[in-house]
Amino acid sequence: MSRISPLNWPVVRQLRGGDLFARGENTESERTKEMEGRIASADRVVKSVCPYCAVGCGQRVYVKDDKVIQIEGDPDSPHSRGRLCPKGAASEQLVNAPGRLTQILYRAPRSKEWVTLDRETALDMVADRFMEARKNGWQDTDDKGNPVRRTMGIAGLGGAAMDNEENYLIKKLWTASGAVQIENQARI
């Protein structure tokens, strides 16, 4: 039978094959048969959490050659059950954006140039500044002599993109550091 024969048309093949609802092989083209899903070529699947809001929807991140190729909802997630909002579904674009910064940049006071820092140097700078602000703002007692043991030199702001456990631990860190000005993005 030639390729352009009317007997080769999908509707005719459908009726001849007894597939009245067009759900069988007779309605598939060769191109469709050769297609495979976006995630079929992934090397591994990593479970993650959506970074956008406080819900913390589960995500499956598909990775090939150490590059994210697709992000989908995780059906094992107890509260999102595999569903993602439009922002969560598009989070692969956040990861693979060409303008995404992948290095730590620092601009010294009154400088016009940004310099690249390694992670250890940046963490040391943050820790040193944190400890200095804590020390400079420390109060052992208030004006009436009551013990307060707090610092007014640091404040904490939690993020709504973190889950409850992360926010709980960060709150404990701020409290243990003596901070009393602790807020969360979700309440603002």
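C57 is buried, with a relative accessible area of 15% (buried means under 20% relative accessible area, exposed over 50%, and partly exposed in between, with a 1.4 Å probe and protein chains only). C85 takes part in no disulfide, and the nearest cysteine sulfur, that of C50, is 5.6 Å away; a disulfide is a pair of cysteine sulfur atoms within 2.5 Å. C85 is partly exposed, its relative accessible area being 40%. By the distance rule, the count of disulfides is zero.

The model is predicted: local features need pLDDT of at least 70 and side-chain atom pairs count only at pLDDT 80 or more, while totals for chains, interfaces and linings use all residues. Residues are numbered from 1 along each chain as its sequence is written, and side-chain values use heavy atoms, with hydrogens and water left out.

The protein chain comprises six helices and eight strands, taken as DSSP runs numbered from the N terminus (helices H or I, at least four residues; strands E, at least two). From the N terminus on, the order of elements is α-α-β-β-β-α-α-β-β-α-β-β-α-β. The radius of gyration of the protein chain is 28 Å, well over the 16 Å given by the globule rule for 188 residues, so the chain is more spread out than a compact globule. This radius is taken over C-alpha atoms, and the globule rule is 2.2 Å times the number of residues to the power 0.38. Along its principal axes, the C-alpha trace spans about 100 × 40 × 25 Å. Of the 188 residues, 19% count as buried.
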